[in-house]
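Student: Could you walk me through this model, one feature at a time?
Tutor: Gladly; have the structure open beside you.

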Amino acid sequence: MASVHDLTAYRTQAAGTGEPFHVAIIGAGVAGICQAIKLQEAGIAFTIFEKADDIGGTWRDNTYPGCSCDVPLHLYQYSFEMSPEWRNKFADHKQIKAYLDRVVEKYGLGPDIRLSTPVASTEFDEAAGLWRITTEAGDEIDANVLVAGTGQLNRPQLPDIPGRDDFKGDAWHSATWNHEVDLKSKRIGVIGNGASAIQFVPEIAKVAGEVTIFQRSASWVLPRPERQFFEWEKSLYRAMPWLMWIQRTRMWLNGEQLLLSFRHMGWALSKAHRKEAETYVADPEKRAKLEPDYDPGCKRVLFSNDWWPAMGRDNVVIETGGIERITETGIRTKDGEEHALDVIVYATGFDTTHFLGPVDVKGLGGRDLRTEWQDGATAHLGIGVAGYPNFYLLYGPNTNLGHNSIIYMIECQTAYVTQIARKMIADNLAYVDVRPQAQAAWDRGVQEDNAKSVFASGCTSWYKTADGRITNNWPNSTLTYWRKTKRVDWDDYAVVARGQTRARAAAE
């Protein structure tokens, strides 16, 4: 496949300015890679700026024991790059990272990825119609379009617990796992019991002396329909790739049905949870601690075949009394009990509501996105922000899912951004800016739908800001989102041609 470097002549002619049109992408994870490929197909130059020394995003960072994807792999891969080589239905982190490596190599993206290059700040130059980008090393780069593929789950969050730095044993966040520490016979404290904990706790419980889970609230955990693929299945997929599409479509439909289950069949999900608990956890007091006090779907529903057998082990303890402080030797709970520990693992999730992390983004007139989002992030279609022309987010506000594959959403978004970039080239546009009224209408509709969804049914979750605004989740079907993003509605944008003033464009 040709590199975008071979397409410079086309781009220069299309831009009509003597300068090649260029897109800067922040992040070489699933979203950034997908956007790069879509731009490459359109013959548009790009550079990916990656803060780490390797690609892969969350699948590079998370290597904890048992780490895997809870979305069936036929959905958790690019629709345009389906692989028949997966070993099992729910791939582990090593398989997904290897898949992303293969994709980058196949599409020749390597020369256009700048590793170990964190972006510090970006500022839009209205007169030039360019984003001025500054890396942490002080390098300055200009780009016509800026795309943030920074995601929602890449900034580990540690809890604000008194004495956190006092602990003398080993401690780490699940996303920065310390594989050098031998956990055999150790007393391990796990703070949190979300998506990562249900994967690594069963693994460490096999070797640990005791695992104490300090739980704030229980999770709904259902069986995972896992299985290995036979070699004859892989051979069929290689010979007839369209069979993978049949599987993908079936799994996508199952995901859409899960959204309906949240709305109308919570009783069935809770019944499946309780059946697993009764099968594996004999102690009724322990089982009661593992019973959530909110509706299925309000927080992320989890899928595992190992969690419940692990909960039935004598060396796994559930502590619900609340943490008073961390001490030099362990954790003291609010009832005054001292829990002596050798290791503490923080399964406390990520900073999910500050979408751009440490990157400063300044738009028209010097307006600051961090300041504008201090009460909760919002973006038109979860992609564009009024006052920040030619700036687009992937996996942005209100595009996370509780029922289907985020890669489906990312493909919708990358195709949408590519449409805008193509029009900018074809029509010699300086920039394209979301109209505030379009963004406000979009946000109002999403928040109204979220208010009627299970996400607003009373629990505390990473889907929300501290004041309860749901900034992360999309409340409707992925099919609805695809319809909304299939074609750009240019009435939603102020389009500014080169040499045209923004005031005149807005008036038009």
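**Salt bridges, sheets and backbone angles**

Tutor: Let us begin with charge pairs: the structure holds 25 salt bridges, where a salt bridge is a side-chain nitrogen of Lys or Arg within 4 Å of a carboxyl oxygen of Asp or Glu. This is a predicted model, in which local features need pLDDT of at least 70 and side-chain atom pairs count only at pLDDT 80 or more, while totals for chains, interfaces and linings use all residues. Residues are numbered from 1 along each chain as its sequence is written, and side-chain values use heavy atoms, with hydrogens and water left out.

Student: How should I read such a pair, and which residue does Arg238 bridge to?

Tutor: Side chains of opposite charge can pair when their charged atoms come close. Here Arg238 pairs with Glu85, and their closest N and O atoms are 2.8 Å apart. Arg238 belongs to helix H6 (residues 231-239) and Glu85 to the loop between helix H3 (58-61) and helix H4 (93-106), so the bridge ties together parts that are 153 residues apart in sequence. Helices (H or I, at least four residues) and strands (E, at least two) are DSSP runs, numbered from the N terminus.

Student: Is Arg238 buried, partly exposed or exposed?

Tutor: Buried means under 20% relative accessible area, exposed over 50%, and partly exposed in between (1.4 Å probe, protein chains only). Arg238 has 39% relative accessibility and counts as partly exposed; Glu85 is partly exposed with a relative accessible area of 39%.

Student: What separates Glu231 and Lys234 along helix H6?

Tutor: They are three residues apart in helix H6, so about one helical turn separates them. Elsewhere, salt bridges that share partners join Glu50, Arg60 and Asp61 into one network.

Student: On to sheets: in what order do the strands of the four-stranded open sheet come?

Tutor: Strands of a sheet pair through backbone hydrogen bonds, either parallel or antiparallel. By the criterion used here, two strands pair if DSSP finds at least two bridges between them. The order is S6-S5-S4-S18, with mixed pairing. Strand S6 (140-143) and strand S18 (360-362) are at the edges with a single partner strand each, so one side of each has no neighbour in the sheet. Within the sheet, strand S4 (residues 119-125) and strand S5 (residues 130-135) run antiparallel and are joined by six bridges; Thr122 stands opposite Ile133 in S5.

Student: What is the pairing in the five-stranded open sheet?

Tutor: The pairing is parallel, and the order is S8-S17-S9-S10-S13. Strand S8 (170-173) and strand S13 (316-319) are its edge strands, each pairing on one side only. Four bridges link strand S9 (residues 187-191) with strand S17 (residues 343-346), and Val190 stands opposite Val345 in S17.
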